[in-house]
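Please examine the sequence and the structure below before reading on.

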Amino acid sequence: METKDILKQLREKNNYSIKDVANGTKMQYTMCREYESGDRRLGMSAAIKFADFYNVSIDYLLGRPDAKEPADPIDKLMTVDEMEKDLLREWLSLDEASRKSFLDVLRKIVAADQKRQTAASKRAAYLLHRLSRHKVSAGLGYNLDDDDNWQEAEVVETAAVHQADFAVEVDGDSMEPDYLSGDILLVQSTPTIEVGEVGVFTLNGDGYVKELGEGELLSRNPEYDPIPIHESDSLQCWGRVIGKTELV
């Protein structure tokens with residue numbers, strides 16, 4: 001392979017324009033183009049500049065048969081995996097405008113994440129002593145009747161946290177949009193609540209978070225039907241929901 005062909009191959013392999021090569025070698029644009037077209041003979045000074053720019057030997061540029069093909073510097077990186085190497089190669093293939101656009105987007109993502117983490121770190125934590133290990137259903141029932149199954153947990157401090165006697169996690173979507181699955185409900189212990197209030201109940205052994213209706217337990221999500229309360233049913237009110245928080 002002739003030197004002119006090797007120069008063109010190296011440039012195209014690295015996704016460089018002739019302008020990129022001219023800037024990188026500190027040579028004139030027309031000279032770089034003529035070296036690559038074969039219209040100009042490659043001298044030692046230019047060969048050194050090309051060799052340094054492409055990180056190859058002069059022997060390789062001259063097409064000597066014993067010259068080794070340049071190693072991909074990315075392949076030499078030992079601290080990154082193959083996926084990261086592919087990303088680096090994709091990055092090197094981008095032009096300057098695309099790299100700038102990518103960096104702008106990346107900086108915005110990083111800034112938003114840092115803002116979120118800073119906001120989270122500023123929220124005061126409160127050690128909640130009675131978080132039920134049982135989830136209370138906002139859909140189907142779960143057994144909540146277990147006085148011994150409690151745990152401590154750090155939660156975000158709110159005014160309602162200090163008024164709550166215990167907390168329980170929601171499981172299900174029947175109380176959306178007010179209470180979502182995964183929310184930590186703060187509950188004030190009371191054997192009865194008023195119609196229209198939201199409470200935590202055990203109905204025939206199953207635990208629910210529901211709004212108390214007239215002879216029924218109501219969901220906030222219209223996709224769910226009311227649960228009727230019959231005279232023969234075993235209903236226990238554990239308390240009134242006074243707010244919610246989240247784990248720290």
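How many cavities of 30 Å³ or more does the count come to? The model holds one cavity of 30 Å³ or more. The structure is a predicted model, in which local features need pLDDT of at least 70, side-chain atom pairs count only at pLDDT 80 or more, and totals for chains, interfaces and linings use all residues. Residues are numbered from 1 along each chain as its sequence is written, and side-chain values use heavy atoms, with hydrogens and water left out.

**The cavity**

A cavity is a set of points, on a 1 Å grid over the protein atoms alone, where a 1.4 Å probe fits but cannot get out; its lining residues have an atom within 4 Å of a point. Grid points are joined across faces, edges and corners, and the volume is the space filled by probe spheres set on the points. The volume of the largest cavity is about 50 Å³. Its lining is made up of L7, R11, I18, V21, C32, E36, F50 and Y54. Helix 1, helix 2, helix 3 (29-37) and helix 4 each contribute at least two residues to this lining; helices (H or I, at least four residues) and strands (E, at least two) are DSSP runs, numbered from the N terminus. Sorted by class, the lining has six nonpolar, no polar and two charged residues. Here Ala, Val, Leu, Ile, Met, Phe, Trp, Tyr, Cys and Pro count as nonpolar, Asp, Glu, Lys and Arg as charged, and the others, Gly among them, as polar.

**Aromatic rings**

A pair of aromatic rings is described by the distance of the centres and the angle of the planes. Rings of Phe, Tyr and Trp (its six-membered ring) pair if their centres lie within 6.5 Å; planes under 30 degrees apart count as stacked, over 60 as edge-to-face and the rest as tilted. By this rule the model has four aromatic pairs. One of them joins Y16 and F53, a tilted pair with 5.2 Å from centre to centre and 45° between the planes. Y16 lies in the loop between helix 1 (3-13) and helix 2 (18-25), while F53 belongs to helix 4 (residues 44-54), so the pair ties together parts that are 37 residues apart in sequence. Y16 also pairs with Y54: the ring centres are 6.4 Å apart and the planes stand at 35°, so this pair is tilted. Because Y16 is in the loop between helix 1 and helix 2 and Y54 is in helix 4, the contact ties together parts 38 residues apart in sequence. Through such ring pairs, Y16, F53 and Y54 are linked into a cluster.

Y16 is partly exposed at 28%, and F53 is partly exposed at 22%. Y54, at 9% relative accessibility, is buried.

**Charges over rings**

A charge sits over a ring if NZ of Lys or CZ of Arg is within 6 Å of the ring centre and within 35 degrees of the ring normal. R40 lies over the face of Y35, 5.8 Å from the ring centre. K210 is placed over the face of Y224, at 5.8 Å from the ring centre.

**Salt bridges**

A salt bridge is a side-chain nitrogen of Lys or Arg within 4 Å of a carboxyl oxygen of Asp or Glu.

| Salt bridge | N to O distance |
|---|---|
| E34 and R40 | 3.1 Å |
| K244 and D183 | 3.2 Å |
| E197 and R240 | 3.1 Å |

E34 is partly exposed at 26% relative accessibility, and R40 is partly exposed at 34%. E197 is partly exposed with a relative accessible area of 25%, and R240 is partly exposed at 22%. Elsewhere, K100, D104 and R107 are linked in a network of salt bridges.

**A residue of strand 3**

F166 is found in strand 3 and, at 5% relative accessibility, is buried. The C-alpha atoms of F166 and G239 are separated by 9.0 Å, with the two residues 73 apart along the chain.

Notes: Buried means under 20% relative accessible area, exposed over 50%, partly exposed in between (1.4 Å probe, protein chains only). On a 1 Å grid over the protein atoms alone, a cavity is a set of points where a 1.4 Å probe fits but cannot get out, and a pocket is an open set with protein on both sides within 12 Å along at least five of seven lines; lining residues have an atom within 4 Å of a point.
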